[in-house]
Amino acid sequence: MRTVYCFVVYLILSPSLVFSQGAPDVGVIRWDAWTGPGNAVGNEVNASLSPNQFHNKLPFYANVLGENSVNIDGTTQATMDQEIDFATRAGLDYWAFIWYPSSSGLHQSRELYLNSSRKSDIDFSLVVESVRFSSGQITHQQLVNSFLDPSYQTVLNGRPLLYFFDNRDITPADFSSIRIRSIAQGTGDPYITIMHIPEGDFATEFNTYGFDAASRYATTWVGDGEPHSSLVAQDAGQWNWFDDSLGLEVIPHVTTGWDNRPRILNPSPFWAPASNSWVEPATPSEITDHVADAVQWVADNPGAAASNNILLYAWNEFDEGGSLAPNLPQFGGTERIAALRNVLVGTGNTIQGDFFLDGTVDGLDLAQWAGDHGLNASSDADGDGDTDGSDFLTWQRQFGTVESVASSSSSQAVPEPSAVLLVTLAGLLLGMNRPCVLAHSLA
Ligand SMILES: [Ca+2]
Ligand SMILES: [Ca+2]
Ligand SMILES: [Ca+2]
């Protein structure tokens, strides 16, 4: 058991959790600034996570170059394909890409996804900021063209799910144009969900613009090092406010963290958060409990949650504090992926010694085990709720095992690792002392 909480048990104990239209689809926001050097925003986030005390927030594809030096570049096809694999294992249904123009460089991960041979494993949606229209970076028709992609996420029998970050720089006529164009090309009436209405009365503006549902990008108005539970309470209050007070349809948002301390220490021209703008990071089980709450809310409120959808913040806001994508293996690695898998898929790992959840049993799993040893149950091969020497022995026995492509429930075993290899890996781990050389092999 990777977490105490098990969704299967939850289902048995919660007779009210009956889905009239199946379990909800679970999406997660992507913010793709992890471009490596040469990009202004990429350089800023690289600087945010360079100090040693923030290396535990680095994505799995980062390279630690020194005590306070890192390089974070997620813009390779191999990294994207690995991300798709992790998201699929977690049981996520779609990524909601924040749309960026090609001039920004922040479009690269979206392009890598669209070109991936594994694209059909996870759907996608778009989050559009109103400024993209007012600045002429995307036209109504270009946006609507995205709906033609067979992987574009739909709700309510084929309506393309479209998020707008805000309505600051657009008019109701823009949305009429988007709807008319989509219907004309045969992709239906988009389900337009607004995350932020910066001016005017929320319900009045919502109705004037004709939005279909309300959601949020993230809950950001709690801070000062409060526990994660205070953020969870704010989220749930917002769902009920949309529903009970305003009478709107809702896509419940699940904020998985809000920890701006990397940006507070390294303010930049793009962001300079207030010194109290952070909440204690969530444990994996706090995240999955919150996800389960949202799933329950959808089941309890079928009218407001008509789209049968929830949205998580975020896949990869690593330096803002909301991330689900794996970290480096010695810093928790795939612990959040494993926890989500327990809740959303209802099964554990298919190969017990594959602690890093990438389908093979190798040195990355040993690095994850070393980071979890004595601390948590994220490398718990024998299911007794801890990470200890017994779990290491399972890893050792399974070393070299590769998950079968044809069936995730079977695997092929290969011989044990040689003594020489074990000594080499042990030496790597002893010498690691924060910087990770093993993660390099993922890039
Ligand atoms: Ca592995
Ligand atoms: Ca164990
Ligand atoms: Ca044990």
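This report walks through a predicted model of one protein chain.

## Overall make-up

The protein chain has 443 residues, and 49% of them count as buried. Its secondary structure comprises 15 helices and 15 strands. Among contacts with a separation of 6 or more, 71% are between residues 24 or more positions apart.

## Confidence

The average pLDDT of the protein chain is 88. A score of at least 70 is reached by 86% of the residues.

Two stretches call for caution. Residues 1-18 stay under 50 in pLDDT. The model still gives them 34 contacts beyond four places in sequence. Residues 406-416 also have a pLDDT below 50, with 20 contacts beyond near neighbours in sequence. Where pLDDT is low, the predicted coordinates should not be read in detail.

## The largest nonpolar core

The largest nonpolar core holds 109 residues. Ile29, Ala96 and Leu312 touch the most other members. Domain 1 (7-344) and domain 2 (351-442) both contribute residues, so this core lies between them. In soluble globular proteins, nonpolar side chains tend to be buried together.

## Helix H12 and its partner

Helix H12 covers residues 335-345. Of its 11 residues, 10 are buried, so H12 is largely enclosed by the rest of the structure. Just after H12, Gly346 takes a positive phi of about 85 degrees.

Helix H11 (residues 284-300) packs against H12, their axes coming within 9 Å and crossing at roughly 35 degrees. The crossing is right-handed. On the H11 side, the contact is made by Pro284, Ser285, Ile287, Thr288, Val291 and Ala292. On the H12 side, it is made by Glu335, Arg336, Ala339, Leu340, Asn342 and Val343.

## Leu393 in helix H14

Leu393 is found in helix H14, which spans residues 389-398. Is Leu393 buried or partly exposed? Leu393 has 13 other C-beta atoms within 10 Å. A buried residue needs 20 or more, and an exposed one has 12 or fewer. Leu393 is therefore partly exposed.

Ala381 lies 12 residues from Leu393 along the chain. The C-alpha atoms of Leu393 and Ala381 are separated by 9.0 Å.

Technical notes
Residues numbered from 1 in each chain as written. Chains lettered and ligands numbered in written order. Predicted model: local features only at pLDDT ≥ 70, side-chain atom pairs only at ≥ 80, totals over all residues. pLDDT = per-residue confidence, 0-100. Contact = placed C-beta atoms within 7 Å. Core = buried A, V, L, I, M, F, W, Y, C linked by C-beta atoms within 7 Å. Domains from an automatic or database assignment. Axes fitted to C-alpha atoms, helices over the stretch in contact; angles between N-to-C directions. Helix = DSSP H or I, 4+ residues; strand = E, 2+ residues; numbered from the N terminus. Left-handed = near helix turned anticlockwise from the far one by under 90°.
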